[in-house]
Amino acid sequence: MEDTLELEVHDLEVPVLTGVYSEETHLPQPLRISLTVLLDAPAHYAPDTPLSGSKNYLDLKHAATAALPPGVHFTLIEGVADHIAETLFLQDKRVQRVKVKIVKLAIAEAGESIGITLVRHRR
């Protein structure tokens, strides 16, 4: 069994052009995005292990924010999640699985969380 490491970035609030209905399609919607990325891990992390021995958390944040193409309308939030996963796979060959949870904040009426979770594995 191989060792793995899960990196997590949770609860990023990101405005994204997404939606099916006409009232959703003209302005960005606030999405709450959380990521869990599974990496291959070395056999040991010494006290002086450099950052290259892991992955920078800011890479995860970047994939869910700045790496989303500006001005592109994603009909489904599933497309947003897929774009994030593919960005992370392209960034680093050690990424084996990406889990993206997206909550659509604008449609909640009583604080409930409405959204999706997409899990992609490297192919």
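Q: Before we start, what do buried, exposed and partly exposed mean here?
A: Buried means under 20% relative accessible area, exposed means over 50%, and partly exposed is in between (1.4 Å probe, protein chains only).

Q: And what sort of model is this?
A: This is a predicted model: local features need pLDDT of at least 70, side-chain atom pairs count only at pLDDT 80 or more, and totals for chains, interfaces and linings use all residues. Residues are numbered from 1 along each chain as its sequence is written, and side-chain values use heavy atoms, with hydrogens and water left out.

Q: How does E1 pair with E2?
A: E1, residues 4-16, pairs with E2 in the antiparallel sense, over eleven bridges. Two strands pair if DSSP finds at least two bridges between them.

Q: Which residue in E2 is opposite Val9?
A: Leu35.

Q: How many bridges join E2 to E3?
A: Nine, and these two strands also run antiparallel. E3 covers residues 95-104. There, Lys101 is the bridge partner of Ser34.

Q: Where do side chains point in a strand?
A: In a regular strand they alternate between the two faces of the sheet.

Q: New topic. How many salt bridges does the structure hold?
A: Six. A salt bridge is a side-chain nitrogen of Lys or Arg within 4 Å of a carboxyl oxygen of Asp or Glu.

Q: Which residue does Arg97 bridge to?
A: Glu6, with the closest N and O atoms 3.2 Å apart. The pair links distant parts of the chain: Arg97 is in E3, Glu6 is in E1, and they are 91 residues apart.

Q: Is Glu6 buried, exposed or partly exposed?
A: Glu6 counts as partly exposed, because its relative accessibility is 42%. Arg97 is at 19%, so Arg97 counts as buried.

Q: What about Arg32?
A: Arg32 forms a salt bridge with Glu13, the closest N and O atoms being 3.4 Å apart. Arg32 lies in E2 and Glu13 in E1, so the pair ties together parts 19 residues apart in sequence. Arg32 is partly exposed at 25%, while Glu13 is exposed at 53%.

Q: And which residue meets Lys55?
A: Asp59, at 3.2 Å from N to O. Salt bridges that share partners join Lys55, Asp59, Asp92 and Arg94 into one network.

Q: Is Lys55 buried or exposed?
A: Buried, at 4% relative accessibility. Asp59 counts as partly exposed, at 28%.

Note on methods: Helix = DSSP H or I, 4+ residues; strand = E, 2+ residues; numbered from the N terminus.
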